Amino acid sequence: MIRFVSILLFLLMSLLGVLRAPAYPFWLLSILVTEFPWVFAGITALLLVWAIRGDRYRWASGVAGAAAIVLFLSPVVRAYGVADGLEGKLGDAFGKGGEGTGGSPFRWWKMVTLYGETKVAYKTFQYGVTDGVPLTLDLYKAQRPGRRPCVIVIHGGSWSSGDSRQLPELNSRLAKEGYQVAAINYRLAPRYQNPAPVEDLRSALAWLRTHAEESAIDTSAFVLLGRSAGAQIALLAAYTLDDPGIKGVISFYGPADMVWGYSIPSNPLIMDSRRVMSDYLGGRYDAVPQNYINSSPIGFVTRRSVPTLLIHGKQDVLVAYEHSVRLNQRLSDSGVRHFLLTLPWATHGFDYTLHGPGGQLSTYSVEKFLQAVTNR
C-alpha cells in the first residue's frame with residue numbers, strides 16, 4: 001500500500017506542471033517541478049519499478065506512475081515547441097543582432113547538467129545616499145576588453161524586500177558574454193513609495209556614467225532588466241526617463257498595469273497583492289487612484305518607447321500573465337519593437353535556475369535581445 005500511496009503523491013505533484021499552485025508552499029514546489037522535471041520523473045520511475053515488483057496495487061501504480069512521468073516531462077515537450085522558430089521570431093522582432101549567432105534555445109543535456117554557471121566576481125559601490133539610506137550596486141565586470149554595454153538589474157520582492165544578490169546566476173552569465181552588469185539596491189516600501197525606486201535607478205545611471213571610464217562602460221548602451229516588482233520599476237523608468245542611453249528593457253513577469261492588477265487580486269493563500277500594492281502606492285486604489293495610474297508602465301508607452309522583451313509564464317500565481325499580454329498589445333498598437341516570450345508551464349520565479357526549460361529559453365532570449373539592441 002505504501003508504494004501505491006507514494007506514487008499517488010508524485011502524481012499529485014506532477015499536476016503542478018499543468019495547473020496553477022493553490023497555495024504558497026505549492027508555488028515554491030511548482031518551480032522545482034517545472035524547472036527540474038527530469039529529477040521528479042526519474043524518482044517516479046524508480047518508485048514505479050519498486051511498486052510493480054511487490055505491491056498488490058501494481059496495475060493501479062503502473063497507470064498512476066506512467067501518468068505522473070508524462071506530466072512531469074510535459075514542460076520539456078512544450079519547451080521544444082517554444083524553442084522551435086524562436087531565433088527567427090526574435091530576429092523578426094528586433095532585427096539585426098537578434099539572430100544568426102548559433103546555438104539551440106533549449107537542450108535536454110543542458111537541463112540535466114548538475115553544475116551551475118561559473119561565478120564572476122563583483123565589487124560593491126555606493127551610488128548615492130537618500131534620507132540617510134545608502135544606495136549600493138554590485139558591479140560585475142565584463143569578461144571581454146573595451147567599453148561594453150551595461151545591463152542594470154533591478155531585483156524583485158514586492159517592492160518591500162529583496163536585494164541586489166537575488167538570482168545572481170544570470171549576472172555572471174551576461175558578464176561572461178561581454179556585458180557590464182550593475183545589480184542595484186533601491187529604497188523599499190512601505191517607508192518609500194513610487195516613484196522612489198525610479199528615482200534611485202536614475203541616480204544609479206548617473207553614477208555609472210560618472211564612473212564609465214574606470215568601469216569600461218559604453219554609456220550609449222544601457223539596458224534595464226527587472227524581475228517581478230523590479231520589472232515594473234524597469235519598465236516605468238525605460239518609458240518615462242527619456243534617457244537616450246537606454247536602448248531596451250527586459251521584464252521578467254512584471255506587473256505592467258497597476259490599475260487593472262488591483263482589480264484582479266492574486267490568490268490570498270499565496271500573496272495579498274492588494275496590500276502589497278497599497279504599501280507601495282500609499283493606499284488602496286479608491287483612495288489614491290492617480291498613484292496607480294502614475295505607476296503603470298502600460299500608460300506611458302508611445303511610438304518612441306524603447307524595444308521591449310517580455311518574459312512571462314502562463315501559470316504565474318503572483319503576477320498574472322495577462323499583465324504582459326496587455327502590455328504586449330499596447331506595444332503592438334504603438335509600433336514599438338517588442339516580443340513576448342510565453343512559457344505555458346512556467347510560474348513566477350521560474351528562472352531560479354538557468355538550466356531548466358524556462359531558464360534556458362529566457363536566457364537565450366535575453367542574450368539575443370541584448371545583441372540586437374546594443375549592436376553587439
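Biologist: Which residue stands opposite Gln-126 in E2?

Modeller: That's Thr-136. Keep in mind that this is a predicted model, where local features need pLDDT of at least 70 and side-chain atom pairs count only at pLDDT 80 or more, while totals for chains, interfaces and linings use all residues. Residues are numbered from 1 along each chain as its sequence is written, and side-chain values use heavy atoms, with hydrogens and water left out.

Biologist: What makes E1 and E2 a pair?

Modeller: Eight bridges join them, and they run antiparallel. Two strands pair if DSSP finds at least two bridges between them, so eight is enough. The strands themselves are DSSP runs of E with at least two residues, and helices are runs of H or I with at least four, numbered from the N terminus. E1 and E2 also make a hairpin with two residues between them, and Asp-131 in that turn has a positive phi of about 55°.

Biologist: Where do the other strands go?

Modeller: There are eight in an open sheet with mixed pairing, in the order E1-E2-E4-E3-E5-E6-E7-E8. E1 (122–130) and E8 (338–343) stand at the edges with a single partner strand each, so one side of each has no neighbour in the sheet. Within the sheet, E2 and E4 run antiparallel with four bridges, and Leu-137 stands opposite Ile-184 in E4. E3 and E4, by contrast, run parallel and are joined by five bridges.

Biologist: What makes you say that helix H8 lies across the sheet strands?

Modeller: H8 (residues 196–210) lies across E1, E2, E3, E4, E5 and E6, where contact means heavy atoms within 4.5 Å. The helix runs at about 120° to E1; axes are lines fitted to C-alpha atoms, for helices over the stretch in contact, and angles run from 0 to 180 degrees between N-to-C directions.

Biologist: Why is the link between Glu-367 and Arg-173 called a salt bridge?

Modeller: The closest N and O atoms are 2.8 Å apart. A salt bridge needs a side-chain nitrogen of Lys or Arg within 4 Å of a carboxyl oxygen of Asp or Glu, so this pair qualifies. Glu-367 is in helix H15 (residues 357–373) and Arg-173 in helix H7 (residues 169–176), so the bridge ties together parts 194 residues apart in sequence. A search of the whole structure finds 12 salt bridges.

Biologist: How do you know whether Glu-367 is buried or exposed?

Modeller: Its relative accessibility is 12%. Buried means under 20% relative accessible area, exposed over 50%, and partly exposed in between (1.4 Å probe, protein chains only), so Glu-367 counts as buried. Arg-173, at 14%, is buried too.

Biologist: What about Glu-199 and Arg-187?

Modeller: Their closest N and O atoms are 3.4 Å apart, and they form a salt bridge. Glu-199 sits in H8 and Arg-187 in the loop between E4 and H8, 12 residues apart. Glu-199 is partly exposed at 37%, while Arg-187 is buried at 7%. Together with Asp-200, these two are linked in a network of salt bridges.

Biologist: And what does the pair Asp-257 and Arg-326 look like?

Modeller: Their side chains meet in a salt bridge at 3.3 Å, N to O. Asp-257 lies in the loop between E6 and helix H11 (258–263) and Arg-326 in helix H14, so parts 69 residues apart in sequence are tied together. Asp-257 is buried at 9%, and Arg-326 is partly exposed at 34%.
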